[in-house]
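Welcome! Here is a short tour for anyone meeting this structure for the first time. Take a moment to look it over, then follow the points below.

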Amino acid sequence: MIDTHCHLNDSKFADDFKQVVANFLSAGVDKAICVGWDYNSSVKAKELSATFPQVYYSIGVHPDECGEFDLKKIENLVKSALKEKNTKLVAIGEIGLDYFHNTENKDEQKRVFSLQIELAKKYHLPIIIHCRDAYGDTLEILKSHLPIDNGVVFHCFSGSLEYAEILVRLGFKISFTGTVTYKNATNVQNVAKNIPLDSIMFETDSPYLTPVPHRGERNEPKFVLDVAKFVANLRELDYDELIKITDKNAMKFFKLK
């Protein structure tokens with residue numbers, strides 16, 4: 001099983017990172033992608049990926065951090081990683097738009113988002129999208145940069161089925177977190193139940209968004225199993241078969257070894 005989006009670089013894991021890795025490996029999760037949200041967290045993600053062979057990473061600047069965006073610094077980080085023969089860098093992300101936290105800097109968010117899409121295209125890396133309350137603008141910007149040959153995944157998807165179907169038609173992937181297990185998440189559950197299986201991946205976004213039945217605990221990559229089990233039950237599918245399909249999706253999308 002693969003956790004395609006977690007934040008092992010978050011300070012909440014600073015004291016027991018090794019134990020968290022041991023926990024997910026013993027649970028049956030054999031790979032985790034540690035996602036950057038700014039320059040420093042991207043550097044930390046790279047460092048952590050070098051510690052354990054099961055941890056991969058991404059480089060990116062989240063829309064909440066766009067005021068600190070420095071294209072040269074981020075590009076140099078990407079270039080230095082790609083020069084390494086056995087790089088663990090698998091994506092640019094998380095990048096995108098967030099109008100829930102800030103609507104006063106929409107133009108700057110769009111500029112930084114566009115620059116990072118072009119960075120991903122330049123270095124032939126897939127893109128991890130953060131989109132919150134910005135569905136129209138996010139899609140418009142992505143369409144303006146097509147083709148994006150190395151792939152796009154909408155992480156922690158929370159949009160409608162109609163929006164998801166548009167993404168699927170564009171060849172984009174959709175990733176589900178513990179939010180799909182929440183009682184009031186009927187819209188997300190509807191998406192998880194109805195989109196094609198070859199469009200689905202699973203993640204934790206840990207240490208956040210802990211799935212049922214572990215709510216109240218710190219989220220960890222090991223809990224991605226609970227996300228997958230919930231969706232398997234939702235779709236009335238064999239759990240092992242669903243994992244086989246979604247892991248294949250993730251392996252291909254991120255070019256994991």
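**A first look**

Lys255 is exposed, since its relative accessible area of 55% is over 50%. This residue sits in the segment after α9, and its phi is positive, about 55 degrees, although Lys255 is not a glycine. Please keep in mind that the model is predicted.

**Backbone details in the loops**

- Asp133 is another residue other than glycine with a positive phi, near 55 degrees.
- You will find Asp133 in the loop between β5 (127-132) and α5, where it is partly exposed, with a relative accessible area of 46%.
- The peptide bond that links Leu146 to Pro147 is cis, its omega being near 0 degrees.
- Pro147 belongs to the loop between α5 and β6 (152-154).

**Gly93 and its surroundings**

- The peptide bond from Gly93 to Glu94 is cis, with omega near 5 degrees.
- Is Gly93 buried or exposed? Its relative accessibility is 0%, so Gly93 counts as buried.
- Leaving aside residues up to four places away in sequence, Gly93 touches Val35, Gly36, Ser58, Ile59, Gly60 and Ile128.
- His155 is 62 residues from Gly93 along the chain, and the C-alpha atoms of the two are separated by 9.7 Å.

**Helix α4 and its partners**

- Two packed helices are described by the angle between their axes and the distance between the axes.
- Helix α4 (residues 106-122) packs with helix α5 (residues 135-144) at an angle of about 35 degrees, and their axes are 10 Å apart.
- From α4, the residues making this contact are Lys110, Phe113, Ser114 and Ile117, while α5 brings Asp137, Thr138, Ile141 and Leu142.
- Sorted by class, the contact of α4 with α5 holds four nonpolar, two polar and two charged residues.
- The crossing of α4 and α5 is right-handed.
- Helix α3 (residues 71-82) and α4 cross at roughly 25 degrees, with axes that come within 11 Å; because angles under 35 degrees count as roughly parallel, so does this pair.
- α3 and α4 also form a right-handed crossing.
- Leu71, Ile74, Glu75 and Val78 of α3 meet Leu115, Leu119 and Lys122 of α4, a contact with five nonpolar, no polar and two charged residues.

**Helix α8 in its setting**

- Helix α8 (residues 224-235) has twelve residues, so at 1.5 Å a residue it should span 16 Å; its end C-alpha atoms are 17 Å apart, which agrees.
- Which residues of α8 are buried? They are Val224, Leu225, Asp226, Val227, Ala228, Val231, Ala232 and Arg235.
- The cover over these buried residues includes β1 (2-6), α1 (17-27), β7 (173-176), α7 (186-194), β8 (200-202) and α9 (239-254).
- α7 and α8 pack with their axes 9 Å apart, at an angle of about 70 degrees, which makes α7 roughly perpendicular to α8.
- Gln189, Ala192, Lys193 and Asn194 of α7 make this contact with Phe230, Val231, Leu234 and Arg235 of α8.
- By class, the contact of α7 with α8 has four nonpolar residues, two polar and two charged.
- Glu236 follows α8 and has a positive phi, near 55 degrees.

Definitions and conventions:
Residues are numbered from 1 along each chain as its sequence is written. This is a predicted model: local features need pLDDT of at least 70, side-chain atom pairs count only at pLDDT 80 or more; totals for chains, interfaces and linings use all residues. Side-chain values use heavy atoms; hydrogens and water are left out. Helices (H or I, at least four residues) and strands (E, at least two) are DSSP runs, numbered from the N terminus. The expected span of a helix is 1.5 Å times one less than its number of residues. Buried means under 20% relative accessible area, exposed over 50%, partly exposed in between (1.4 Å probe, protein chains only). Contact means heavy atoms within 4.5 Å. Axes are lines fitted to C-alpha atoms, for helices over the stretch in contact, and angles run from 0 to 180 degrees between N-to-C directions. A crossing is left-handed if the near helix is turned anticlockwise from the far one by less than a right angle, and right-handed if clockwise. Ala, Val, Leu, Ile, Met, Phe, Trp, Tyr, Cys and Pro count as nonpolar, Asp, Glu, Lys and Arg as charged, and the others, Gly among them, as polar. Angles under 35 degrees count as roughly parallel, over 145 as roughly antiparallel, 65 to 115 as roughly perpendicular and the rest as oblique.
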